[in-house]
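Subject: Structure for you to look through

Dear colleague,

I am handing over a structure to you with this email, and I would be glad if you kept it open beside the text while you read. Please take your time with each part.

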Amino acid sequence: MASDLPSLVGRVCLVTGASRGIGRGIALMLAKAGATVYITGRKVETLQEVASEVESGSGKCIPVECDHSNDNDVENVFDQIKLDQNGHLDVLVNNAYKGVQSIMDNVEKPFYEQPLEMWDEINNVGLRSNYVAAYYAAKMMVPNKQGLIVNISSFGGLSYLFNIPYGVGKAANDRMMADMAIELKKSNIAAISLWPGAVKTETITAILQSDKPGSEKMIQVFKDGEDVTYAGKAVAWLAADPNVMKKSGRVLIVAELAKEYGFTDVGGAQHLSFRQVKQLAQHYYPSMAWLVPEFLYIPFWFIGATTHRFSPPSKFT
């Protein structure tokens with residue numbers, strides 16, 4: 001088993017939406033690996049709490065207050081990094097997301113019973129904001145001919161999850177990275193969409209402990225969830241991978257990267273990918289799951305074929 005983290009000493013990173021949840025976990029792991037990590041959020045006090053969690057002798061987290069719905073705020077973040085680091089930026093992780101509470105407040109409601117503002121609530125900060133941050137990051141990375149841009153996405157971009165704006169936003173994030181990879185290839189900048197599994201964030205943990213409608217369903221989804229630092233380890237290994245350009249433009253799953261790079265979750269846990277047949281067996285046929293070997297995976301092309309329905313024009317049907 002390889003070390004849980006590579007060395008990122010000397011690397012400069014930016015993690016958006018790092019006050020809590022997956023963003024916080026990613027920032028802490030990048031800093032633990034030795035990187036200088038700029039972290040953004042709407043409340044600098046919360047960001048300072050994250051920065052104080054960095055272990056002695058590791059890298060550091062630098063809090064920068066930023067509302068990612070405000071383009072001027074975002075530009076100012078990159079101006080600060082440019083000034084501090086002489087125009088150097090190695091990694092951007094787009095994690096800022098505003099719609100979690102709105103999703104939870106409207107769980108299991110059809111789109112026509114949800115507030116019309118749900119679309120912008122989910123996809124302004126979480127989709128458009130990712131494009132804006134990548135825009136400014138690319139302006140720094142292209143002259144240096146190196147870099148890594150990661151969008152935190154999910155299986156919801158491939159199959160229905162939570163609601164319509166959520167799925168559309170995640171699918172768009174995945175497509176954004178695929179298309180950016182084409183334009184950034186000549187500059188040696190990798191663009192990757194990263195899918196964690198079910199993650200036990202602070203918000204999710206609070207919901208699991210509540211009696212809110214839909215909490216029973218959430219418990220089933222998140223009972224064996226990943227720690228917020230699991231995705232952080234994946235990003236750290238991607239940042240250290242000298243062959244990361246071979247992965248550019250792809251959707252990557254945290255659990256599968258864990259097997260490739262040899263890291264584990266808190267307590268040594270090794271989670272299954274949603275593509276593993278054993279994972280499906282545990283969900284639908286738990287008493288028989290032990291018979292299914294872990295090396296059996298469902299190909300992405302098959303998953304895509306079963307979740308995206310393309311019909312011929314009616315005159316051919």
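Below is a description of what was found, arranged by topic.

Please note that this is a predicted model, in which local features need pLDDT of at least 70 and side-chain atom pairs count only at pLDDT 80 or more, while totals for chains, interfaces and linings use all residues. Residues are numbered from 1 along each chain as its sequence is written, and side-chain values use heavy atoms, with hydrogens and water left out.

The sheet comes first. Seven strands, in the order β3-β2-β1-β4-β5-β6-β7, form an open sheet with parallel pairing, where helices (H or I, at least four residues) and strands (E, at least two) are DSSP runs numbered from the N terminus, and two strands pair if DSSP finds at least two bridges between them. Its edge strands are β3 and β7 (251–253), each of which pairs on one side only, and from one strand to the next the twist averages 25 degrees. Strand β6 (residues 189–195) runs parallel to β7 and is joined to it by 3 bridges, and W195 stands opposite I253 in β7.

Helix α2 lies across β2 and β3, running at about 175 degrees to β3, whereas helix α9 (residues 228–240) lies across β4 (91–94), β5 (147–152), β6 and β7, running at about 160 degrees to β6.

Which residues of helix α2 (residues 44–52) are buried? They are T46, L47 and V50, where buried means under 20% relative accessible area, exposed over 50%, and partly exposed in between (1.4 Å probe, protein chains only). These residues are on the same side of α2 because they cover an arc of only 100 degrees around the axis, the arc being that of the directions from the helix axis to the C-beta atoms. The buried residues of α2 pack against α1 (21–32), β2 (36–41) and β3 (60–65), with contact meaning heavy atoms within 4.5 Å. On the face turned away from the buried side, α2 carries the exposed residues E45, E49 and S52.

Now to charged pairs. Side chains of opposite charge can pair when their charged atoms come close. A search of the whole structure finds 7 salt bridges, each being a side-chain nitrogen of Lys or Arg within 4 Å of a carboxyl oxygen of Asp or Glu. One of them joins E53 to R24, with the closest N and O atoms 3.0 Å apart; this pair links distant parts of the chain, since E53 is in the loop between α2 and β3 and R24 is in helix α1, 29 residues apart. Another joins D179 to R175, with the closest N and O atoms 2.9 Å apart, and these two residues are separated by about one helical turn because they are 4 residues apart in helix α6 (residues 164–184). D241 forms a salt bridge with K247, at 3.6 Å between the closest N and O atoms, and both D241 and K247 are buried.

Finally, there is a point about the backbone. Most residues other than glycine have a negative phi, and most peptide bonds are trans. N86, in the loop between α3 (71–84) and β4, has a positive phi near 55 degrees.

With kind regards

Conventions: Axes fitted to C-alpha atoms, helices over the stretch in contact; angles between N-to-C directions.
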